[in-house]
Amino acid sequence: MCLAIQQMWEESEIKGAVEAYKDLEVSLADTIKRIAEKFHLSESESSEAVKQYW
(Lines give C-alpha, C1' and ligand atoms only; values in the text may rest on other atoms or scores of the structure.)
Protein backbone atom coordinates (compact mmCIF):
# COMPACT_ATOMS: atom_id res chain seq x y z
CA MET A 1 0.00 0.00 0.00
CA CYS A 2 2.89 2.39 0.72
CA LEU A 3 4.09 2.14 -2.87
CA ALA A 4 0.62 3.00 -4.19
CA ILE A 5 0.43 6.06 -1.95
CA GLN A 6 3.91 7.13 -3.00
CA GLN A 7 2.97 6.81 -6.69
CA MET A 8 -0.22 8.83 -6.17
CA TRP A 9 1.76 11.53 -4.35
CA GLU A 10 4.34 11.70 -7.13
CA GLU A 11 1.62 11.89 -9.79
CA SER A 12 -0.02 14.80 -8.01
CA GLU A 13 3.36 16.56 -7.80
CA ILE A 14 3.93 16.00 -11.51
CA LYS A 15 0.45 17.30 -12.32
CA GLY A 16 1.06 20.44 -10.25
CA ALA A 17 4.44 21.04 -11.88
CA VAL A 18 3.01 20.58 -15.38
CA GLU A 19 0.20 23.02 -14.64
CA ALA A 20 2.67 25.56 -13.25
CA TYR A 21 4.98 25.29 -16.27
CA LYS A 22 2.00 25.64 -18.60
CA ASP A 23 0.78 28.74 -16.70
CA LEU A 24 4.28 30.19 -17.06
CA GLU A 25 4.11 29.50 -20.80
CA VAL A 26 7.00 27.03 -20.76
CA SER A 27 6.93 25.00 -23.98
CA LEU A 28 5.77 21.39 -24.00
CA ALA A 29 9.26 20.18 -24.96
CA ASP A 30 10.93 22.14 -22.15
CA THR A 31 8.30 20.96 -19.68
CA ILE A 32 9.00 17.34 -20.62
CA LYS A 33 12.74 17.89 -20.06
CA ARG A 34 12.20 19.64 -16.73
CA ILE A 35 9.83 16.96 -15.45
CA ALA A 36 12.28 14.24 -16.52
CA GLU A 37 15.08 15.94 -14.57
CA LYS A 38 13.04 16.82 -11.50
CA PHE A 39 11.44 13.39 -11.08
CA HIS A 40 14.31 11.27 -12.44
CA LEU A 41 12.26 9.92 -15.35
CA SER A 42 13.27 8.95 -18.85
CA GLU A 43 12.23 11.34 -21.64
CA SER A 44 9.63 8.78 -22.71
CA GLU A 45 8.12 8.43 -19.24
CA SER A 46 8.15 12.18 -18.77
CA SER A 47 6.51 12.78 -22.14
CA GLU A 48 3.71 10.36 -21.30
CA ALA A 49 3.10 11.97 -17.90
CA VAL A 50 3.25 15.55 -19.18
CA LYS A 51 0.89 14.90 -22.09
CA GLN A 52 -1.59 13.41 -19.64
CA TYR A 53 -1.88 16.76 -17.84
CA TRP A 54 -1.04 19.27 -20.61
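Colleague: Which residues line the largest pocket?

Modeller: First, the ground rules: this is a predicted model, where local features need pLDDT of at least 70 and side-chain atom pairs count only at pLDDT 80 or more, while totals for chains, interfaces and linings use all residues. Residues are numbered from 1 along each chain as its sequence is written, and side-chain values use heavy atoms, with hydrogens and water left out. On a 1 Å grid over the protein atoms alone, a pocket is an open set of points where a 1.4 Å probe fits, with protein on both sides within 12 Å along at least five of seven lines; lining residues have an atom within 4 Å of a point. The lining is Gln6, Gln7, Glu10, Glu11, Ile14, Leu41, Glu45, Glu48, Ala49, Gln52 and Tyr53.

Colleague: Which elements give two or more residues to that lining?

Modeller: Helices are DSSP runs (H or I, at least four residues), numbered from the N terminus. The lining includes Gln6 and Glu48. The elements that give two or more residues are α1 and α3.

Colleague: How far apart are the end C-alpha atoms of helix α1?

Modeller: The expected span is 1.5 Å times one less than the number of residues. For the 22 residues of α1, residues 2-23, that gives 32 Å. The model agrees: the ends are separated by 32 Å.

Colleague: Within what arc do the buried residues of α1 fall?

Modeller: Buried means under 20% relative accessible area, exposed over 50%, partly exposed in between (1.4 Å probe, protein chains only). In α1 the buried residues are Ile14, Ala17, Val18 and Tyr21. They line one face of the helix, because the directions from the axis to their C-beta atoms fall within an arc of 100 degrees.

Colleague: Which helices do these buried residues pack against?

Modeller: Contact means heavy atoms within 4.5 Å. The face turned away from the buried side carries exposed Met8, Trp9 and Asp23. The buried residues of α1 pack against α2 (28-39) and α3 (43-53).

Colleague: Is Met8 buried or exposed?

Modeller: Met8 sits in helix α1. Its relative accessible area is 59%, so Met8 is exposed.

Colleague: What is the phi of Glu25?

Modeller: Glu25 lies in the loop between α1 and α2. At 72% relative accessible area, Glu25 is exposed. Glu25 is not a glycine, yet its phi is positive, about 60 degrees.

Colleague: Where is His40 found?

Modeller: His40, a residue other than glycine, has a positive phi near 55 degrees. His40 counts as exposed at 73% relative accessibility. His40 is found in the loop between α2 and α3.
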